[in-house]
Amino acid sequence: MAFFGAGMLVTFTEVAASLEDEFNEWYNREHIDERVNMPGFHRARRYIAADSATLVKYFATYETDTAEDLSAPAYMELLADQSDWSKKIMSQFSHFDRLTCRISIDQTHGVTGAAGLVRLFPPEAEMDRLREWLRETALPAMCQRQDVMGAALLENDLAVSNVGWLAAGNEIPADQKTEWLILIDATLPAAARGAAETVLGGDALTAFGMTASALDINSYALLFGNQR
């Protein structure tokens, strides 16, 4: 089964160790269900880092009909009216990053227990060629590897993202660049990391003005998810 729409919110979070138990209870018992039932949202999944090379401990995905659902007035209004528990937990995030993405390539299949996540900033002049190479060559090669069940390309939409930044009272950074995410669904975290490192490593990206060292490759294990 492919994703439930063409949009995806991706978040990265960390909290102090003293808050971690309550953070996980809040996420599993309130936050996921609350978001899944918002207009345009269909499925949410959250993950925990599976190895020491993964930079941020928790990440989550929220599948929506379109990327525009993530900047819709109704959604912005709901974000401004958080529960007391949400206000308590969110005010104590030690790390938070939020991307509002368009799913430009979806080669996923089913539901797995692990994910690989590759973060990159492709040169704008090479985006079209890189996107085509990922669609026709790289992502299919990942999907053929043992224990890898799917892969997708997510492209952060800065116009959508900036609506959320402004609503939160933040200034839009002057040096914004479009970030891409390659999401790999696998049965085991090591398989997801192996697929990313094998297919995207070495000289694979030099034709697109990038090197393997420019990639941030992470592997995660599924904690909890819900859908409607």
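**Reading the barrel and its pocket**

Author: Helix α5 (residues 158–167) lies across β4 and β6 (148–156), running at about 155° to β4. Axes are lines fitted to C-alpha atoms, for helices over the stretch in contact, and angles run from 0 to 180 degrees between N-to-C directions. Helices (H or I, at least four residues) and strands (E, at least two) are DSSP runs, numbered from the N terminus. This is a predicted model, in which local features need pLDDT of at least 70, side-chain atom pairs count only at pLDDT 80 or more, and totals for chains, interfaces and linings use all residues. Residues are numbered from 1 along each chain as its sequence is written, and side-chain values use heavy atoms, leaving out hydrogens and water.

Reader: In what order do the eight strands close into a barrel?

Author: Strands of a sheet pair through backbone hydrogen bonds, either parallel or antiparallel. Here the order is β1-β3-β2-β8-β5-β7-β6-β4, with antiparallel pairing (DSSP finds at least two bridges between paired strands). Strands β5 (residues 114–120) and β7 (residues 180–186) share seven bridges; alanine 114 has alanine 186 in β7 as its bridge partner. Helix α1 (residues 20–36) packs on the sheet, touching β2 (41–49) among other strands (contact means heavy atoms within 4.5 Å).

Reader: Which classes of residue make up the lining of the second largest pocket?

Author: Rolling a probe the size of a water molecule over the atoms shows where empty space is left. The lining has six nonpolar, three polar and six charged residues (Ala, Val, Leu, Ile, Met, Phe, Trp, Tyr, Cys and Pro count as nonpolar, Asp, Glu, Lys and Arg as charged, and the others, Gly among them, as polar).
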